[in-house]
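User: I have a model open and some questions about it. Can we go through them one at a time?
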Amino acid sequence: CQFLLHCCLSSEAVVNLSGSLIPSSSNIPPSILEKTREKLHLRPNHPLHILKKMIEKSIEDMHPREFSFYDDLPQLVSTTDCFDDLLVEWNHPSRRYTDTYYWDESHVLRTHMTAHDTTLLRAGKKAFVLTGDVYRRDSIDKSHYPVFHQVDAVRIFDRNTSQNEHKLIADLKSTLESLAKNIFQREVQIRWVDGEFPFTYPSFEMEVFWNGNWLELLGCGLLKRGVLDAGQVDKNSKGWAFGLGLERLAMVLFEIPDIRLFWSKDERFLQQFRDGKITKFKPYSKYPSCYKDITFWLSEKFHENAFYELVRTVAGDTVEEVALLDEFHRNNKTSHCYRIVYRSMDRSLTNDEVDEIQDKIREEVARRLEVILR
Ligand code: FA5
Ligand code: MG
């Protein structure tokens, strides 16, 4: 079964996506499944690839020949790998059908790269760096996209070092502070804030002061004993882990204003970047936007994330933002009005074209989410 699932995602089968490939209980639309083939982090001269290489090199330089690097692990993982082994509670929001893409009841598109940690630990790996695409059902705006990329790392220490937790935390923090310095290519102001993750204790988040704002860069901490046990790590060993989001970092470093640009096939975008260099994005002309509102009575089937995703499925990357404009209640019913902002990154949209997309969205929302259009 596991093998078959891998085939579905890694072979040509996905190229000719036919509905029948996706189990009927799945909430993964074909448009999302297609994204599993893109692997932006593996594309030469792509900003995400440039950053990935810099991070890998930085870790390799700090700890020569200690870490293994992985960047093509299968995106479909079991709920055991993604949640159970990481001590994610059964009622944690990240497990919800409304927040996560389920292939079937026991397999999901990974929601974070940490999903691979216990498998690699069981294989005896003691230090590794993982890069890949992760999937979450989420809202639509300039900094959220249902697919983004993470770099995760784990470092396990032997019993002698593990006896002193402060030493492990100091090693984790100094590794990440050097990493930040290397990426930002200068001394940057960093602050550590307490974090909370089901799989680490203590947990921290690292923030970087950049252009007047504190930017959340990553989460990290010491792996809990329960996670180490799931990874069959020696009782006397301990270790740290971190997970970093590539898009937000790339958006500030390359000054890329919209997260959709990472998926652009436009040469005016792709031509601007070269491996090994961080250069500022030069915007090409911005095309005009237009908006359309949609209002409906909610149904039992309605969920905001399902609506956002449906909009993305129908309209693709022509949608810039979907915002809830108004909500009101009458006779136990709730009405929502959303404004859908259309703007292509690559060209001007015609009025007819947008009307047609909007009509299709209305039709699909009524049909699939069973809302009553107003
Ligand atoms: C995690 O995903 C944890 N697995 C990270 C971790 C690993 C913690 C190992 C401890 C040990 P979180 O959901 O906060 O945590 O995401 C990690 C990073 O991914 C964030 O700091 C942020 O940079 C980025 N990120 C999270 N959500 C989004 C999003 N919707 N769009 C873009 N980047 C995001
Ligand atoms: Mg967070």
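Analyst: What follows covers the ligand, a helix pair and some backbone details.
Analyst: This is a predicted model, where local features need pLDDT of at least 70, side-chain atom pairs count only at pLDDT 80 or more, and totals for chains, interfaces and linings use all residues. Residues are numbered from 1 along each chain as its sequence is written, chains are lettered from A and ligands numbered from 1 in the order in which they are written, and side-chain values use heavy atoms, leaving out hydrogens and water.

User: Which residues come nearest to ligand 1?
Analyst: His112, Thr114, Arg136, Gln150 and Glu216, out of 22 around ligand 1; a residue counts if one of its heavy atoms lies within 4 Å.

User: How far is the polar side-chain atom of histidine 112 from a nitrogen atom of the ligand?
Analyst: The distance is 2.9 Å. For glutamine 150, a side-chain N or O atom is 3.2 Å from a ligand oxygen atom.

User: Switching topic, at what angle do α3 and α9 pack?
Analyst: Helix α3 (residues 47-62) and helix α9 (residues 246-253) pack at about 105 degrees, with axes 10 Å apart. Helices are DSSP runs of H or I, at least four residues, and strands are runs of E, at least two, numbered from the N terminus. Axes are lines fitted to C-alpha atoms, for helices over the stretch in contact, and angles run from 0 to 180 degrees between N-to-C directions. That makes α3 roughly perpendicular to α9 (65 to 115 degrees).

User: Where is the cis peptide bond?
Analyst: Between tyrosine 201 and proline 202, with omega about -10 degrees. Proline 202 lies in strand β8 (residues 200-210).

Conventions:
Angles under 35 degrees count as roughly parallel, over 145 as roughly antiparallel, 65 to 115 as roughly perpendicular and the rest as oblique. A polar contact is a pair of N or O atoms within 3.5 Å; within protein, one must be able to donate a hydrogen and the other to accept it, and residues adjacent in sequence count only if both atoms are side-chain atoms.
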